[in-house]
There are 2 protein chains.
Amino acid sequence: MKQLEEKTLDTKVIYNGKIIDLHLEKVELPDGNTSQREVVKHPGAVAVLAVTPENKIVLVRQYRKPLNREIIEIPAGKLEPNESPELCAMRELEEETGYRTEKLEFLQSFYTSPGFADEIIHIYYTDQLEVGNEQPDEDEFVETMEVTLDEAIEMVQNQQIYDAKTAFAIQFLQLKEAQK
Amino acid sequence: MKQLEEKTLDTKVIYNGKIIDLHLEKVELPDGNTSQREVVKHPGAVAVLAVTPENKIVLVRQYRKPLNREIIEIPAGKLEPNESPELCAMRELEEETGYRTEKLEFLQSFYTSPGFADEIIHIYYTDQLEVGNEQPDEDEFVETMEVTLDEAIEMVQNQQIYDAKTAFAIQFLQLKEAQK
């Protein structure tokens, strides 16, 4: 196997923000040359694929400033310092949708943009929902929706669903359905 | 439907980089209050799920500085200015793996991190491969691998495959298999 590691020679902090930090790293490449890597630091996130007793998927419509548009996503949110992903998933689900659960199944974790960011997202599944208390963050405006799998697939096709975690979650349900 | 739009009141450019830029946007929230959004600007990317005549998936092992580790991904790369996603996908596939194709099927596009970045990735599929010329970028060190679907699923489980586009691609093949 080739040696592929890039050693950090120097780190310059460009920005320390509310959600992300930006570092510029000078690295030594495997061939001994040097290069620079732009690295966005993120606390990590969770998302929940939640299915109601009526077999509908719980989604949230949300304006995403980086995209300058609304998209529809599974409920998700950032990890607080020292918060376990599972507790974070339960908290975010209830805050954004008003649904509470005590039973989450871990599906998968993945990095979202390994080329420039360290954000990892942990994805959970639940079909055990109770009614709790909706309470979004003060700068967070969301609208909850409940749709069938067929409706969700249509939302993928017409680009209302347009993000990685939600695309993965919808495909997960399609696979589950196909394997029945 | 609730009004969810966030209007930009002011944009401050924090950083203009080689791959990403960082903007800090002051926004007016739907309730009239103001907040700040950190926005990473990215040129967009493509990825290719390529399957060989032996029914193996073409993957690349690569050191990802933001993660400080190697992960295994489907071939991918950034869009050049004014480059069409399809031509970019053909170019990146050949540069990184040495495989050439003239027939790509578009699978799906999605934003990778809509909370803080505008990166969109366009994912293509091909099982029509010819041998071309491997030629990675000068600061890019990759190793090509070819694995079966079962091996790829194992790599997901042991976190060698650990990024969104590749997780999506593997699940796509599982779904295709299940629907046969």
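Trainee: How many bridges pair strand β5 of chain B with β6(B), and in which sense?

Mentor: Helices (H or I, at least four residues) and strands (E, at least two) are DSSP runs, numbered from the N terminus. Two strands pair if DSSP finds at least two bridges between them. Here β5 (residues 57-64) of chain B pairs with β6(B) over five bridges, in the antiparallel sense. Within chain B, B:Arg61 stands opposite B:Ile72 in β6(B). Please keep in mind that this is a predicted model, where local features need pLDDT of at least 70, side-chain atom pairs count only at pLDDT 80 or more, and totals for chains, interfaces and linings use all residues. Residues are numbered from 1 along each chain as its sequence is written, chains are lettered from A and ligands numbered from 1 in the order in which they are written, and side-chain values use heavy atoms, with hydrogens and water left out.

Trainee: What is the strand order of the open sheet in chain B?

Mentor: The three strands run in the order β6-β5-β12, with antiparallel pairing. At the edges are β6 (69-73) and β12 (142-147) of chain B, each of which pairs on one side only. Neighbouring strands are turned by 25° against each other on average, direction ignored. For angles, axes are lines fitted to C-alpha atoms, for helices over the stretch in contact, and values run from 0 to 180 degrees between N-to-C directions. Helix α2 (residues 149-157) of chain B lies across β5, β6 and β12 of chain B, at about 125° to β12(B).

Trainee: Which residues of β5(A) are buried on each face?

Mentor: In a regular strand the side chains alternate between the two faces of the sheet. Buried means under 20% relative accessible area, exposed over 50%, partly exposed in between (1.4 Å probe, protein chains only). On one side of β5(A), A:Ile57, A:Leu59, A:Arg61 and A:Tyr63 are buried, and on the other A:Val58, A:Val60, A:Gln62 and A:Arg64 are too. Look at A:Val60: its bridge partner in β12(A) is A:Thr144, and in β6(A) A:Glu73 stands opposite. β5(A) and β6(A) form a hairpin with four residues between them, and A:Asn68 in the turn has a positive phi of about 50°.

Trainee: Why is one side of β1 and of β3 in chain A left without a neighbour in the sheet?

Mentor: These belong to an open sheet of three strands, ordered β1-β2-β3, with antiparallel pairing. β1 and β3 of chain A stand at the edges with a single partner strand each, so one side of each has no neighbour in the sheet. Eight bridges join β2(A) to β3(A); there, A:Leu22 has A:Val40 in β3(A) as its bridge partner.

Trainee: Is A:Lys26 buried, exposed or partly exposed?

Mentor: A:Lys26, in strand β2 (residues 21-28) of chain A, counts as partly exposed because its relative accessibility is 38%. Contact means heavy atoms within 4.5 Å; beyond its neighbours within four places in sequence, A:Lys26 touches residues including A:Leu9 and A:Thr34.

Trainee: How many salt bridges does the rule find across the interface of chain A and chain B?

Mentor: A salt bridge is a side-chain nitrogen of Lys or Arg within 4 Å of a carboxyl oxygen of Asp or Glu. The rule finds two across this interface, and one of them joins A:Arg37 and B:Asp139 (3.2 Å, N to O). On the side of chain A that touches chain B, α3(A) gives the most, with nine residues.
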